[in-house]
Amino acid sequence: MTRTESAASTESTTMRRESATRSFLYLVGIFTTSLLAMALVYRHFPEMETDEMSHVKLPRNMDDAKALGAVLSRYTDRYFMEVAMAYFFTYIFLQSFAIPGSIFLSILSGFLFPFPLAIFLVCLCSGLGASFCYLLSYLIGRPIVQRYIPDRVDNWRKQVDRHRTHLLNYIIFLRITPFLPNWFINITSPIIDVPLTYFFIGTFIGVAPPSFVAIKAGQTLHELTSTRDTLSWTSITILIVLAIVSILPVVFRRKLREKYD
């Protein structure tokens with residue numbers, strides 16, 4: 001490598017580093033603003049007793065979820081809209097910034113709300129939150145992603161390119177199955193040119209089966225000891241069947257193409 005090429009490479013590396021730093025600072029600013037907005041949401045929540053307030057926090061384990069569910073259930077009847085809106089914005093906040101804990105909120109929804117509302121809320125919050133994460137990555141996160149996980153992004157781009165003709169089915173399949181973490185799908189999709197429309201619809205539909213399992217488990221929240229208790233051989237079988245169903249149209253389409261070609 002010549003001296004000129006070496007200097008150009010160094011300059012390019014420096015520019016990428018500065019771009020990633022600038023994007024990170026923007027992200028911190030957006031996160032702080034969102035955190036303040038969440039504080040405003042909670043300010044409009046009904047006044048609680050001191051001992052109840054200690055349980056109003058993002059659940060990190062099943063005991064936290066049980067305690068939070070016990071507190072919120074006392075207010076759901078009288079302050080249904082306030083509880084539902086707080087749940088809605090908290091779930092979207094967690095999804096938007098890829099913060100762990102949404103599985104406990106999915107379980108909690110089965111305890112607090114009627115099943116049809118719970119499944120709709122979880123799917124909508126998952127779709128919106130993941131889409132906001134997508135947009136954050138699209139607008140300011142690209143330099144960060146390309147700086148820290150470029151190889152993983154390139155590998156997944158190759159996978160997606162093989163499924164471009166049936167991208168919606170592929171996204172639904174990925175959301176049902178645990179092959180890729182959701183945070184990775186969310187932040188890399190805009191970089192590998194996954195359309196936002198397919199991304200949202202695929203997420204909304206794809207999270208329904210695992211959410212169904214979590215919500216049904218949440219109806220017996222007091223009996224659960226860990227998130228593993230939400231799974232049974234029946235629920236695992238259902239998820240496998242639905243994952244297969246999501247890719248059947250692709251298989252049939254491919255067979256028809258082979259037949260008529």
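Guide: Let us begin with the overall picture, bearing in mind that this is a predicted model. The chain has twelve helices and zero strands, and of its 261 residues 42% count as buried. Its accessible surface comes to about 15100 Å², with 63% of that belonging to carbon and sulfur atoms.

Visitor: How do you know which contacts in the chain join residues at least 24 apart, and what share do they make up?

Guide: A contact requires heavy atoms within 4.5 Å; among the contacts between residues at least 6 apart in sequence, 80% join residues at least 24 apart.

Visitor: What makes up the largest nonpolar core?

Guide: That core has 38 residues, and those with the most contacts inside it are L72, Y87, L108 and F113. At least two residues of this core come from each of α3 (62-76), α4 (80-96), α5 (102-112), α6 (115-148) and α11 (208-218), and α4 gives the most, with nine residues. L72, leaving aside neighbours within four places in sequence, is in contact with F45, M48, V83, L108 and L112. A second, separate core of 20 residues includes C133, W156, Y170 and I187.

Visitor: Why is the pair of F80 and F113 called edge-to-face?

Guide: The centres of the two rings are 5.8 Å apart, and pairing asks for centres within 6.5 Å. The planes stand at 80°, and since an angle over 60 degrees counts as edge-to-face, that is the name the pair receives. The pair, one of 14 aromatic pairs in the structure, links F80 in helix α4 with F113 in the loop between α5 and α6, 33 residues apart. F80 and F113 also form one aromatic cluster together with Y87 and Y91.

Visitor: What makes the pair of Y134 and F199 tilted?

Guide: Here the ring centres are 5.0 Å apart and the planes are at 45°; an angle under 30 degrees would count as stacked and one over 60 as edge-to-face, so the pair is left with the name tilted. Y134 lies in helix α6 and F199 in helix α10 (residues 196-206), so the pair ties together parts that are 65 residues apart in sequence. Y134 is buried, with a relative accessible area of 7%, and F199 counts as buried at 0% relative accessibility.

Visitor: Why does L136 count as buried, and which residues does L136 touch?

Guide: L136, which is found in helix α6, has 15% relative accessibility, and because buried means under 20%, L136 falls within that class. Not counting residues up to four places away in sequence, L136 touches L27, I30, S96, F97 and G141. With F97, 39 residues apart from L136 along the chain, the separation of the C-alpha atoms is 8.7 Å.

Key. Residues numbered from 1 in each chain as written. Predicted model: local features only at pLDDT ≥ 70, side-chain atom pairs only at ≥ 80, totals over all residues. Heavy atoms only, no water. Helix = DSSP H or I, 4+ residues; strand = E, 2+ residues; numbered from the N terminus. Buried < 20%, exposed > 50% of the residue type's maximum accessible area, 1.4 Å probe, protein only. Areas by Shrake-Rupley, 256 points an atom, 1.4 Å probe, with all protein chains shown as cover. Core = buried A, V, L, I, M, F, W, Y, C linked by side-chain atoms within 4.5 Å. Phe/Tyr/Trp six-rings, centres within 6.5 Å; stacked < 30°, edge-to-face > 60°.
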